[in-house]
Amino acid sequence: MTRVLVLNGPNLGRLGRRQPEIYGHTTHRELADLCVGWGEQLGLEVEVRQTNHEGELLDWLNTAADEETPVVLNAAAWTHYSLAIFDACGQLTAPLVEVHISDPKQRPEEFRHTSYVEPHAATTISGQGIDGYRQALEFIASGSDR
Ligand code: DQA
């Protein structure tokens with residue numbers, strides 16, 4: 001079974017309570033359960049993690065690089081300014097899928113229009129709500145035996 005890490009960055013632990021008009025009503029716990037279930041249907045062993053600490057995300061990405069683990073990454077605000085996350089993503093060899101619940105490029109704040117994850121991602125899924133995570137897992141599953 002292909003192991004996949006779903007890594008969520010800052011403030012995504014507050015899903016369901018944080019600006020539900022933008023991010024919806026699904027909590028992070030519910031999202032994690034959904035991802036594991038979608039993974040089971042797709043033959044993937046999914047582990048979902050969330051952190052508000054950039055160094056912790058970097059450590060997870062470094063381990064994913066060493067272990068050649070596919071990653072679904074919602075780096076949240078770090079997407080838009082973290083060169084350290086750009087560098088960490090650059091060393092991944094298994095597929096990296098960038099996910100955003102909203103579509104940052106359609107939002108009014110200029111800073112959201114840049115992504116330091118996108119240059120290293122096999123694909124980016126934005127603005128699909130929580131279903132974007134399912135689509136990301138589907139993308140990985142479709143290529144996992146390539
Ligand atoms: C986000 C979009 C980012 O711009 C924002 O900083 C987030 C969440 C999303 O999932 O839509 O925290 O990554």
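Helix H2 is followed by Gly43, a residue whose phi is positive, near 75 degrees. The model is a predicted one, in which local features need pLDDT of at least 70 and side-chain atom pairs count only at pLDDT 80 or more, while totals for chains, interfaces and linings use all residues. Residues are numbered from 1 along each chain as its sequence is written, and side-chain values use heavy atoms, with hydrogens and water left out. Helices (H or I, at least four residues) and strands (E, at least two) are DSSP runs, numbered from the N terminus.

**Helix H2**

- H2 covers residues 28-42, and its 15 residues reach 21 Å from the first C-alpha to the last, close to the 21 Å expected at 1.5 Å a residue, where the expected span is 1.5 Å times one less than the number of residues.

**Helices H3 and H4**

- The axes of helix H3 (residues 54-67) and helix H4 (residues 83-90) come within 9 Å and cross at roughly 10 degrees, which means that H3 is roughly parallel to H4.
- Axes are lines fitted to C-alpha atoms, for helices over the stretch in contact, and angles run from 0 to 180 degrees between N-to-C directions; those under 35 degrees count as roughly parallel, over 145 as roughly antiparallel, 65 to 115 as roughly perpendicular and the rest as oblique.

**Two buried residues**

- Thr51, in the loop between S2 and H3, counts as buried because its relative accessibility is 2%, and its side chain reaches the backbone nitrogen of His53 at 2.9 Å.
- His100, in strand S4 (residues 96-100), counts as buried because its relative accessibility is 6%.
- A polar contact of 2.8 Å joins the side chains of His100 and Glu98, a polar contact being a pair of N or O atoms within 3.5 Å; within protein, one must be able to donate a hydrogen and the other to accept it, and residues adjacent in sequence count only if both atoms are side-chain atoms.

Methods. Buried < 20%, exposed > 50% of the residue type's maximum accessible area, 1.4 Å probe, protein only.
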